[in-house]
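Please keep the sequence and the structure at hand while reading.

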Amino acid sequence: MRLKKLIIASLAGTAVVLSATAVPASAAPAPKSYKNCTELNKVYPHGVGRAGARDKTSGKPVTTFRVDNTLYSYNDGAGPRHWGEHDLDRDNDGIACEKR
């Protein structure tokens, strides 16, 4: 009986340690300023935009871009500048490097 309690206590302690050090699978990479749209599109194929942004186009607008206000701010070239930031939203529609 004593051995059983010892094993249970040991397993419970291990579970607590493991759960405290686990990283969620959906953890996003830190925001980054990309040099150009080719580099950004390797990671985000349809571009990056801020919440509520709409693609300015005469054709079918891109709606599959990644919505991330912080990431967009690192790549829009406006407002407070981040180190190495380039203006990747040339049409100023709230979406950087949009493409189908």
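## The sheet

Two strands are taken to pair if DSSP finds at least two bridges between them. The model discussed here is a predicted one, and in it three strands make up an open sheet in the order S2-S1-S3, with mixed pairing. Strand S2 (66-67) and strand S3 (95-96) are the edge strands, each of them pairing on one side only.

Strand S1, which covers residues 48-49, pairs with S2 in the parallel sense over two bridges. Within this pairing, Val 48 has Arg 66 of S2 as its bridge partner.

Asp 93 sits in the loop between helix H3 (69-73) and S3.

Leaving aside residues up to four places away in sequence, Asp 93 touches Ala 53, Arg 54, Asp 55, Lys 56 and Glu 98.

## Asp 55, a contact of Asp 93

Asp 55, one of the residues touched by Asp 93, is placed in the loop between S1 and S2. Asp 55 counts as buried because its relative accessibility is 15%, and the cut-off for that term is under 20%.

A polar atom of the Asp 55 side chain lies 2.9 Å from the backbone nitrogen of Val 62. When residues up to four places away in sequence are not counted, the contacts of Asp 55 are Pro 61, Val 62, Asp 93, Ile 95 and Glu 98.

## The aromatic pair

A search of the whole structure finds one aromatic pair. The pair is formed by Tyr 34 and Tyr 44 in an edge-to-face arrangement, with 6.4 Å centre to centre and 85° between the planes. The two residues, 10 residues apart, link distant parts of the chain: Tyr 34 lies in the loop between helix H1 (2-21) and helix H2 (37-43), while Tyr 44 lies in the loop between H2 and S1.

Definitions and conventions
Residues numbered from 1 in each chain as written. Predicted model: local features only at pLDDT ≥ 70, side-chain atom pairs only at ≥ 80, totals over all residues. Heavy atoms only, no water. Helix = DSSP H or I, 4+ residues; strand = E, 2+ residues; numbered from the N terminus. Contact = heavy atoms within 4.5 Å. Buried < 20%, exposed > 50% of the residue type's maximum accessible area, 1.4 Å probe, protein only. Polar contact = N/O pair within 3.5 Å; in protein donor to acceptor, adjacent residues only side chain to side chain. Phe/Tyr/Trp six-rings, centres within 6.5 Å; stacked < 30°, edge-to-face > 60°.
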